[in-house]
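Colleague: Hi! Could you walk me through this one while I have it open?
Modeller: Happy to, let me bring it up.
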Amino acid sequence: MNFDILLAAPPAIQIHAFAALGALFLGLAQFTTPAGAPIHRILGYGWVSLMLVTTLSSFLISANPIIGRFSWIHGLSVFTTVMIVVAIIKARRHEVKAHRAIMINLFIFALVLTGAFTLLPGRVMHAVVFG
């Protein structure tokens, strides 16, 4: 892995990538904690914060635009942001099953799956990981 490539990228890409990587590792740690425990909430607030930095910083990045400077991934960023808010509301209302389902799906689809697309040739993270 060559993090020099990431460190040479524009600040928006650096912020986006480091927030996403942080969310990935924090999310994995979150799965090991019991729901409702103080540590679960603390990690959850951290994960949500990192995901919001990830989604919001995506609007500063323009790759493969479709409408203006925005691509389909920006639609996913809007959806992810909205679903994070919904998941928080569900947690506060003690709707645990709905909260869990939303958060697991966000982790899998909005973080892991879309993160895998950053490993495609021509992307910064492809160069970081594969040289």
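Colleague: Which residues have the most contacts inside the largest nonpolar core?
Modeller: Those are Trp47, Met51, Met103, Leu106 and Leu111, in a core of 14 residues. Keep in mind that this is a predicted model.
Colleague: Which helices each supply at least two residues of this core?
Modeller: H2, helix H3 (38–58), H4 and H5 each do. The largest share comes from H5, with six residues.
Colleague: Take methionine 51, then. What does it touch, not counting residues up to four places away in sequence?
Modeller: With those set aside, methionine 51 touches Ala23, Thr80, Ile84, Ala110 and Leu111. Leu111 is also among the core residues with the most contacts inside the core, as is Met51.
Colleague: Nice. Now the outside: which residues form the nonpolar patch on the surface?
Modeller: The patch is formed by Phe25, Leu28, Phe31, Ile66, Ile67, Trp72, Ile104, Ile108, Phe109, Leu113, Phe117 and Leu120. Together they have about 1200 Å² of accessible area.
Colleague: And which helix gives the most to that patch?
Modeller: H5 does, with five residues. Helix H2 (11–30) and helix H5 (96–117) each supply at least two residues of the patch.
Colleague: Let's pick leucine 113. Where is it, and why does it count as partly exposed?
Modeller: Leucine 113 sits in helix H5. Its relative accessibility is 41%, so it counts as partly exposed, as that class lies between the 20% and 50% cut-offs.
Colleague: Changing topic: histidine 74. Is it buried or exposed?
Modeller: Histidine 74 is buried, with a relative accessible area of 4%. You'll find it in helix H4 (residues 72–92).
Colleague: What lies 2.8 Å from a polar atom of its side chain?
Modeller: The backbone oxygen of serine 58 lies at that distance from a polar side-chain atom of histidine 74.
Colleague: And which residues is histidine 74 in contact with, leaving aside neighbours within four places in sequence?
Modeller: Ser58, Phe59, Ile61 and Arg69.
Colleague: What about its phi?
Modeller: Phi of histidine 94 is near 60 degrees, a positive value in a residue other than glycine. Most residues other than glycine have a negative phi.

Conventions
Residues are numbered from 1 along each chain as its sequence is written. This is a predicted model: local features need pLDDT of at least 70, side-chain atom pairs count only at pLDDT 80 or more; totals for chains, interfaces and linings use all residues. Side-chain values use heavy atoms; hydrogens and water are left out. Patches are made of residues with over 30% relative accessible area and no salt bridge: like charges are joined within 9 Å, nonpolar side chains (Val, Leu, Ile, Met, Phe, Trp, Tyr) within 5 Å. Accessible areas come from the Shrake-Rupley method with a 1.4 Å probe; for residues, only the protein chains shown count as cover. A salt bridge is a side-chain nitrogen of Lys or Arg within 4 Å of a carboxyl oxygen of Asp or Glu. Helices (H or I, at least four residues) and strands (E, at least two) are DSSP runs, numbered from the N terminus. Buried means under 20% relative accessible area, exposed over 50%, partly exposed in between (1.4 Å probe, protein chains only). A polar contact is a pair of N or O atoms within 3.5 Å; within protein, one must be able to donate a hydrogen and the other to accept it, and residues adjacent in sequence count only if both atoms are side-chain atoms. Contact means heavy atoms within 4.5 Å. A nonpolar core is a set of buried Ala, Val, Leu, Ile, Met, Phe, Trp, Tyr and Cys residues joined through side-chain atoms within 4.5 Å.
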